[in-house]
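Hi,

Here is the structure I promised to pass on. Have a look, and my notes on the cavities and salt bridges follow below.

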Amino acid sequence: MENVRKRRGKDLDSTAGVCKENAPKRKRQPFHFDLWLCLTLQNWILDFGRPIVMIALPLELFPLNKPSVGDYFHMIYNVVAPFLLLKLIERAPRPVPHTAVHLCIITFVMGASIHLVGDSINHRLILSGYQLHLSVRENPIIKDLKPASLIDSFELLYYYDEHLGHLMWYIPFFIIVLIYFSACFSDSDGQEKMPLSGWLLLGASSLYYWYLATEGQITGLFLLTFLAMFTVMIFQKRKGLAPDSNGSFLFYSFSITLLLVSLWVAYLWDDPVLRNKYPGLFYVPEPWSYYTLHIRKSH
């Protein structure tokens with residue numbers, strides 16, 4: 001009987017050893033420098049650079065009744081950005097809910113397309129004297145329009161541009177970011193540190209997210225996303241898991257962005273004109289409103 005028990009014990013030990021050897025080991029995820037670089041460049045060139053080239057280039061090249069170069073930038077962004085987000089999801093270390101991702105991508109493109117139309121007309125109004133630091137009804141070029149119902153149409157345009165378009169654009173974007181971030185956790189012992197290339201991209205990435213949160217007026221949405229990321233981080237750490245270099249890059253980017261937004265709000269805290277323009281729960285002035293109020297006026 002003792003010999004039989006010893007044999008069984010050896011068989012169980014050998015079986016357990018074989019199972020451990022045959023168990024699939026999750027590969028270390030390298031830092032996706034190519035994707036993060038492409039995302040950073042397209043964000044800065046196609047999104048941040050869009051209104052700049054629209055104002056800088058002469059009207060003779062792009063008349064007000066034709067699409068501007070900024071509109072073409074936006075069209076390219078609406079194709080490139082969802083493509084890069086899909087490629088990022090494809091490289092997620094763990095399986096993700098693809099149906100939710102596809103629905104987010106569809107909504108993202110629809111919201112960005114709504115914003116394309118509203119923002120295109122909005123920048124033409126700026127070239128005609130529209131002042132971003134004032135509300136629609138207070139703007140000199142609009143308040144005296146006849147019939148008065150035209151002002152309602154411009155307020156509807158503003159709603160599509162600054163509210164509906166932004167929400168349908170950025171809510172799915174942050175959901176995709178959160179889904180990807182949640183898939184970036186594995187055993188903390190086998191994690192690689194963020195490489196030098198990631199640290200070099202961190203400043204440009206954080207600064208763009210600051211622009212996104214402030215100009216897009218989505219500070220509340222950004223804070224909810226960061227809180228969700230922080231919660232995921234705490235929950236996974238209790239399980240002995242840690243983010244890989246890509247997850248760390250996202251978390252550090254959002255952390256620095258939060259600091260930049262706080263400094264921006266503190267800098268403009270006592271500005272009476274911007275206080276009147278942004279009376280809501282979150283006082284976060286738009287950079288372009290600051291530009292039309294303090295920079296363009298001085299020139």
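How do the residues lining the largest cavity divide into nonpolar, polar and charged? They split into eleven nonpolar, six polar and seven charged, where Ala, Val, Leu, Ile, Met, Phe, Trp, Tyr, Cys and Pro count as nonpolar, Asp, Glu, Lys and Arg as charged, and the others, Gly among them, as polar.

Before the rest, some ground rules. This is a predicted model, with pLDDT of at least 70 needed for local features and 80 or more for side-chain atom pairs, while totals for chains, interfaces and linings use all residues. Numbering runs from 1 along each chain as its sequence is written, and side-chain values use heavy atoms, with hydrogens and water left out.

**Cavities**

There are five cavities of 30 Å³ or more. A cavity here is a set of points on a 1 Å grid over the protein atoms alone where a 1.4 Å probe fits but cannot get out, and lining residues have an atom within 4 Å of a point. Volume is the space filled by probe spheres set on the points, which are joined across faces, edges and corners.

The largest one holds about 260 Å³. Of its 24 lining residues, His-115, Asp-119, Glu-162, Glu-215 and Glu-286 lie nearest the centre. Helices H2 (33-56), H4 (98-127), H5 (149-182), H6 (196-215) and H10 (287-295) each supply at least two residues of that lining; helices are DSSP runs (H or I, at least four residues), numbered from the N terminus.

The second largest cavity comes to about 140 Å³. Its lining has twelve nonpolar residues, three polar and no charged. H2 gives the most to this lining, with five residues. Nearest the centre are Trp-36, Leu-39, Asn-43, Ser-205 and Tyr-209, out of 15 lining residues.

**Salt bridges**

I count seven salt bridges, taking a side-chain nitrogen of Lys or Arg within 4 Å of a carboxyl oxygen of Asp or Glu. Arg-124 pairs with Asp-71, closest N and O atoms 3.1 Å apart. This one links distant parts of the chain, with Arg-124 in helix H4 and Asp-71 in helix H3, 53 residues apart.

Glu-90 counts as exposed because its relative accessibility is 55%, whereas Lys-87, at 28%, is partly exposed.

Cheers

Methods: 1 Å grid on protein atoms, 1.4 Å probe; cavity = no way out; pocket = protein on both sides within 12 Å on 5 of 7 lines; lining within 4 Å. Buried < 20%, exposed > 50% of the residue type's maximum accessible area, 1.4 Å probe, protein only.
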